[in-house]
Every structure is written in C-alpha cells, then in structure tokens.
Amino acid sequence: MISLVVTADTKNYNLHERDQAFANLMVQFKQPFEIVYVANADYGFLGELKKIVSDNPNRKLVVTAASTNINTQIYTALDQTENGDCLLITMDTDVDLIKKMLMKHFDGADLVFVKKKENWFKAFFIALGRATYQMGLKLLGRGRDLCCDPRIVLLNNRSVNTIILNPVLSKALRLVNPDPEREARVLTEDKLYDNPTPSQQNSNNSFMALGIVSLFYIIALFVMAIIFPIFNSGLYTVWVLIAIIVWVILGVVGAVLAARFIYNTRLGIPVAINLANEPVINITEIVRSGDEISEETVSSESDDIENIDTELEYTEDVTPSDEALENAEENTIENEQNNAASPTKNEAVETLNATEKNSNSTETKEKPTEEKTKVTKKADTTKSTTKKASTTTKKQSTTKKTNTKTSASKKKTASATQPQISRVKSTRTPKTKK
C-alpha cells in the first residue's frame, strides 16, 4: 500500500481537480492507496477540502493548529498513515514528476529523491558548492546530505518508521538516506512545482554562492602553492609557507561554518519535544472519508472574515453620530417653526383679498376653513416628527442587532479556532520490508 501525503498550503489550484488528478494517477498503477492531506486550521480552503475528503473513498484530512510549522505537519501526517510506503508531495507538485517517481519505485527503487536541474554554467558552481558543503558536514560528523528537495520524497515503510520513532531527527532523515541498505535513486528534473515560490525556484542559490567563494579560494591557494615557487626557482619563502598554512586553516573553518549555516537553514524549525522526548502536536480535527460535514464548515474561513468585515461596516454606516442627532433635532425644530409661521402669512394675504372682493359675510365663512387648514398642517408636522423619531429608533435597533450578530459571530469563530491540544504518541511498530 502507498500513502500519498499532501501538504496543503497553497490557494492557486482547484482542489477538486487536483484531488482527482492525484487519484487518477494512483489508479494507473493498480495498487491500493490512500491520500492523506494535512493542513493548518487557518488554511483558506479548509471547508472545501473537508468536503472532498468526506465525499471520496481512501481519503483522510489532518487539521493542525494555525501555528504549526511544516516539519511538524509532515511528521503528523506520516504518523497518521498506514504501515506502508509514503510519497510525500505538496499541493502544487508537478503531476508528471509524481508519475516518474512512482515508476522508479515500482521498477525497484525503495527510496526516490528529487533535485532541481540547472543549466551548465550554474551547475558547475552548484556542484563545487555542494562538494564544499559535504566536506564541512563530514568535519562536523554529520551524515551526507543528498541536497534534494525535502518536501518531495518517496520513502519506504522502514524509513517512515525510523522517522516516526525519531521526531527530533525527522527533517534530517528526509535530507539524508534513512535506509542506506536499500536502493535509492535521485531524479534531476527541470520542473518540480507548477507555480514555484521564489524560495523554491532559487533553492540552489546557497550552494551556488558557496561554489563561487570556493572557486576564488582554490585559485588563491593554487597561486600560493604552485605559481609562486615556479617563479621563485622552486623555493618557498617563510612568509609564503605561513600564508599557505593560515589560508588552509581559514578554508577549513569557513567550510565548517558555511556547512552548519546551510544545514540549519535546510532543517528549519524542528518538531516540538517535551521533557519525555515525545512530540507535542496540536491536532484540532481529523476528517475521514464518509464523515458528515455540515454546510457551515464548507464555507471557507476567508468568506467568514469578509462577512464579519461587511457587518462591521454596516454597523458603522447605520449608527448615527452625536452630531447627526443634534442636526436632526435642530432641523425638526426649524421645520416646526416654519410650518407654524407659514399659515399666518397665508391668512393675511387671503383676508386682504377677501375684503376687496367679498363682503363681511364671506370673511366670517373663511375663518373656520383657515382654522381647519391650521389643524391639518400641524397634524402633518407632528406625523413627520413622529416618523423621524421612529426611523431613528429603528436605526438604533438595527445597530443593536448587528452588534449582537458580530459579537456572536466573533464568539463562534473564537471557539472554532481554539485548538484542542493533544500529544500524539505513535502507535506505529517498526516493520521490515522483504
């Protein structure tokens, strides 16, 4: 059985298409397989990935806390696999490269590593830098680094058991050959990732820089050890001998320091270990095929964050400021004064027209009608003020509702993001492969 361990940390792909491509590739070899995804709790497409795992067979998803580093993620995923060979890849690993690794494995290679191919000019300096790096590691008493990509590797079951039983050396065992007794092969390809990041694209820059420095060092040593005595009748002076000795010592010290620096950068952050030398891993959830996933979990975390932001903006727009309330009160007072003053002006004009055209009897008839108009206008003004007051109360009620919604949503998100701290102790027993 082969376990395909996929680290999900990119958002550049359609997860359904990538999962189907991985499954179709594994089906071609007609071997039992499982696909184990590992992702942090803050992964943008975590809900969609849960849905894929629950709807398809031979799938598993391990969700770790948001602060988990990549080495701890890989260690956790390897511990959750079945007792079989494991192919470690990323979500954006080239599918053709995965196929070539599986073909090498079924041709007889127990372990398969991958290197990035460079042009002939860079390859010379990279090879020289790797030779200096290997010499520094040998002086430090460490194993030979294969200088391969540690995130794309095919391991046999014995190597996986060795990594699980040694969490402190889990990353180091992916840089070297953890099972020297078995056959291992190295693939050198131009393309390892579909959309490589700058760090993945320039993974050989440290070896290239070390190779350039090593070239100048060798040239200077060659001049002092070979060229100088040729032009000095085959004799070494005392100062030249001292310079050669000092230069050799500086070269050894420089190789050791450079090897230590490159080795530590390649290792990265190690797996957290407690006082009992056991790994401390925060696993928030494990999803298997067939599990029921609610519709709320399918929505991604990015959409939830956008909804919270829109709710906050809506509350800011709806809640009126103190200045707006004061202006509204002043406007209502002015409208009431204008409405109260306008009927008196109309009454004066109408009474003058009435005295010129009509008699005293008509003047007495118009007065009650004018009083009726006064009453109706005042009633209209009181209705308008009550409507404004009701609208302000509605706005305030909407702000209260939105505030309660946002607080409830924040509580839900806070409770959902709190990981359940658990200590994973491997139940895997070492097995040998025939």
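In this predicted model, Gln134 is in contact with Arg144, Asp145 and Cys147, neighbours within four places in sequence being left aside. Gln134 is found in helix α5. Its relative accessibility is 17%, so Gln134 counts as buried. One of its partners, Cys147, sits in the loop between α5 and β6 (153–155). Cys147 has a relative accessibility of 6% and therefore counts as buried too, the cut-off being under 20%.

Cys147 also stands out in its backbone. Its phi is near 60°, a positive value in a residue other than glycine. Most residues other than glycine have a negative phi. Ser233 shows a positive phi as well, of about 60°, although it is not a glycine. Ser233 is placed in the loop between α9 (205–230) and α10. At 69% relative accessibility, Ser233 counts as exposed.

Helix α5 (residues 120–140) packs against helix α10 (residues 238–267). The angle is about 95°, and the axes are 8 Å apart. The two helices, α5 and α10, are therefore roughly perpendicular to each other. On the α5 side, the contact is made by Thr132, Tyr133, Met135, Gly136, Leu137, Leu139 and Leu140. These meet Val252, Ala255, Val256, Ala259, Arg260, Ile262, Tyr263 and Arg266 in α10. By class, the contact of α5 with α10 has 11 nonpolar, two polar and two charged residues.

Helix α5 also carries aromatic residues. Trp120, Phe121, Phe124 and Phe125 form one aromatic cluster. Within α5, Phe121 and Phe125 are four residues apart, about one turn of the helix. Phe121 has a relative accessibility of 45% and so counts as partly exposed. Phe125, at 12%, counts as buried.

The count of aromatic pairs comes to seven. One of these is formed by Phe29 and Phe106, and it is stacked. The centre-to-centre distance is 5.2 Å, with 20° between the planes. This pair links distant parts of the chain. Phe29 lies in the loop between α1 and β2, and Phe106 in helix α4, 77 residues apart. Phe106 is partly exposed, with a relative accessible area of 36%. The rings of Phe121 and Phe125 also have their centres 5.2 Å apart, but their planes are at 70°, so this pair is edge-to-face.

The largest nonpolar core holds 38 residues. Which residues touch the most other members of this core? They are Phe22, Tyr37 and Met101. Two or more residues come from each of several elements. The helices among these are α1 (15–28), α2 (46–55) and α4 (95–106). The strands are β1 (2–7), β2 (33–40), β3 (59–64), β4 (85–90) and β5 (111–116). Helix α1 gives the most to this core, with five residues. In soluble globular proteins, nonpolar side chains tend to be buried together.

The contacts of Phe22, neighbours within four places in sequence again left aside, include Leu4, Val6, Ile35 and Tyr37. Phe22 is also in contact with Ile89, Thr90, Met91 and Ile98.

Conventions:
Residues are numbered from 1 along each chain as its sequence is written. This is a predicted model: local features need pLDDT of at least 70, side-chain atom pairs count only at pLDDT 80 or more; totals for chains, interfaces and linings use all residues. Side-chain values use heavy atoms; hydrogens and water are left out. Axes are lines fitted to C-alpha atoms, for helices over the stretch in contact, and angles run from 0 to 180 degrees between N-to-C directions. Angles under 35 degrees count as roughly parallel, over 145 as roughly antiparallel, 65 to 115 as roughly perpendicular and the rest as oblique. Contact means heavy atoms within 4.5 Å. Ala, Val, Leu, Ile, Met, Phe, Trp, Tyr, Cys and Pro count as nonpolar, Asp, Glu, Lys and Arg as charged, and the others, Gly among them, as polar. A nonpolar core is a set of buried Ala, Val, Leu, Ile, Met, Phe, Trp, Tyr and Cys residues joined through side-chain atoms within 4.5 Å. Buried means under 20% relative accessible area, exposed over 50%, partly exposed in between (1.4 Å probe, protein chains only). Rings of Phe, Tyr and Trp (its six-membered ring) pair if their centres lie within 6.5 Å; planes under 30 degrees apart count as stacked, over 60 as edge-to-face and the rest as tilted.
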